[in-house]
Amino acid sequence: MSLLGEQCLKEDKAQKRGIRPILKKYEKEKVLVLESISELIAFQDKKQNILWLNKAAADSVEKTPEELIGEKCYSVWHKSNKICVSCPIDVLLKTGKITSSEITTPSGRTFFIKGFPVRGNEGEIIGAVEVARDITKLKQTEKNLIESEEKYRNLFESSPYSIGIFDLEGTLIDCNKATDKFLSTHNLANDIIGKHFREFWGYHENNKPLIPLFESILNKLKKDGETLEFDFPIYRTAGGVLWAHATVSLIKLGSEERIRFISQDITERKLAEQELESSEIKYREAYNRINFYKDIFSHDINNIFQNIHSSVELIDLNVEQSINMEKDDELLDIIRKQIKRGTNLISNVRILSEIENKDLVLRKREITEVLKDVIDALIKVYKNREINIQIHNDPKEVYIKGNELLPDIFENILINAVRHNQSSLVEILIKFSRVVKDGVNFIKLEFIDNGIGIFPEMKEKIFQRGQVEKKDKIGLGLGLTLVKKIVGYYNGQIWVEDKVAGDHSKGSNFIIILPEEV
Amino acid sequence: MEDDLSLQKLYEMMISTFGFKVVGKANNGKEAIEKYYALTNKPDIILMDHRMPVQNGIDTALILLKLKNPPKIIFTSADISIKKRALTLDGLRFLEKPFTIKALHDEIRELLEIS
């Protein structure tokens, strides 16, 4: 060895002696760093023999690092003598690329493994560093979450109630399968997800009123935050109505505030309620009818009997005593009139019964001639009264849909105007006009009289004989009840006002409107 | 007091047959009260129907019975519920329609004997 060579060797040794402590320090620090990491780290050679591993890796199989060095990776963690299927290290050693995968050990533990290639000076792969994280708990939580989600999704989907989740603006975010049957069209629930309620309630014309209803519910819910319940009908394109009972609440889904809308099909209950209500109405009507007929017998028929009975008794008395013979004709006349009155009463009861059973057929009828005929007959019947009847705006020819009962309307009103009139001159003004109500053209007739008038509290009751408390009955006869029934049957209306507003004593104005037939 | 004009006429005939005088007739309760106040010779007895336009019999009777020297009242009605109400009022008699001339005569005679 040359002097220079010796010198170099000495310097090299001296240099190595100087570097060694530094290297040792670095080595110690490296070990400290790697040991303090919770991930499992193992350095393997190309045959997957463990060359080095950190404490966490050794602890994971309850061994010391020294015991595991030289062991095969798959025999330590998989207790297997074969390379694991889809082992990332195996792939890495073949491809030279960083790889990762999840591997579950036979003991049920799951690791997320990432492999990094370790290359030699020439860039050739000489081994791999395996970094593994135990994700067993994470996987279990994930699994539990999936199971839980499945369980709730199953409950959500199998619920017979429609469950819809809306955002605060009213857009449907999610809904279950049961929602299908609550839709107005044949669209499936999935088709409406992402749509605003304004859109899907707008499909059917009859469901459009649900839009303002839902808007008010939404606003109230956002304002008060309290659960709301309500019933609403859904019209189906296929026909029919579905009744729903809704329970609407604000809920938190994650960090978002949502609206939960649960709807229950209550159609059967609603129909049963409606049927019950209709039965109750029918029962009440039948009860009122019985009272009505009872009332006729207790008042009108008995008055007729009283007339006939007293007339007969007075005739008998006259015959016995052979006096007042001239009065007998008058008494016989009373008997005749009472028999006629009884006949009319029975006829009116029959007509009422026919109207209630809706047995009558309506045809196009001209009314001015009918009215004039009734006026002529009235003047003849009340020839002992001074009567002046005027017609204003006589249309000469005007048609309505009516039947043979039309004269009864005019007759009853005009007779009442004469009977309940104490003026020496009975004045009746009949005014014709036309009005439009709810898009329908009506003929309006006003019968303005100078009779005794009708007290404000009686103005509705005079049409309701048989449907009011006995103490309120005022004995105007069957006439106005019949008139109201006939007018109602003709799809018209009748009511009474004061001739002079606010002063009933000046007379009445009976107003009738009947749909005009063109 | 009766709104059935033929009955009004028959009552008048019956009462005249008994030898009494009809001092006034009314078609309804309101008219009856007005006529009662206007009459110089007040009637001893009023024959009163219940169901009439403007003001019914019971309401009219309640007003008349509050007077200092109230008239005797014979109520005529076919309505049993009215009979119950009418008989709770002092000084009221009740004749159920249809009644006989004799029944009316007996009621009038009894009332006049009492007074």
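Predicted model: local features only at pLDDT ≥ 70, side-chain atom pairs only at ≥ 80, totals over all residues.
**Helix α9 of chain A**

Which residues of α9(A) are buried? Leu210(A), Phe214(A) and Ile217(A) are. Viewed down the axis of α9(A), the buried residues keep within an arc of 60°, so they line one face of the helix. An α-helix has 3.6 residues a turn, so residues three or four places apart point the same way. On the other side of α9(A), the exposed residues are Pro212(A), Ser216(A), Asn219(A) and Lys223(A). The cover over the buried residues of α9(A) includes three elements of chain A, listed here.

| Element covering α9(A) | Residues in chain A |
|---|---|
| α8 | 197–200 |
| β8 | 228–235 |
| β9 | 241–253 |

After α9(A) comes Gly225(A), which has a positive phi near 75°.

**A sheet in chain A**

Chain A has an open sheet of 5 strands in the order β12-β14-β15-β17-β16, and the pairing is mixed. β12 (386–392) and β16 (493–500) of chain A are at the edges; each has a single partner strand, so one side of each lacks a neighbour in the sheet. On average, neighbouring strands of this sheet are turned by 25° against each other, direction ignored.

Strands of a sheet pair through backbone hydrogen bonds, either parallel or antiparallel. β12(A) and β14(A) (residues 425–437) run parallel and are joined by 7 bridges. Glu386(A) is opposite Leu425(A) of β14(A). Helix α13 of chain A, residues 406–419, lies across β12, β14, β15 and β17 of that chain, at about 140° to β14(A).

Chain B contains 5 helices and 3 strands, in the sequence pattern α-α-β-α-β-α-β-α. Of its 115 residues, 39% count as buried. Among contacts in chain B with a separation of 6 or more, 57% are between residues 24 or more positions apart.

How many residues does each chain bring to the contact? Chain A brings 23 residues and chain B 20 residues. On the side of chain A that touches chain B, α10 (267–321) and α11 (325–356) each supply at least two residues. The most come from α10(A), with 13 residues. This side of chain A has 7 nonpolar, 11 polar and 5 charged residues.

Technical notes. Residues numbered from 1 in each chain as written. Chains lettered and ligands numbered in written order. Contact = placed C-beta atoms within 7 Å. Helix = DSSP H or I, 4+ residues; strand = E, 2+ residues; numbered from the N terminus. Nonpolar A, V, L, I, M, F, W, Y, C, P; charged D, E, K, R; others polar. Buried ≥ 20, exposed ≤ 12 C-beta atoms within 10 Å, placed from the backbone. Arc of directions from axis to C-beta. Pairing = 2+ DSSP bridges. Axes fitted to C-alpha atoms, helices over the stretch in contact; angles between N-to-C directions.
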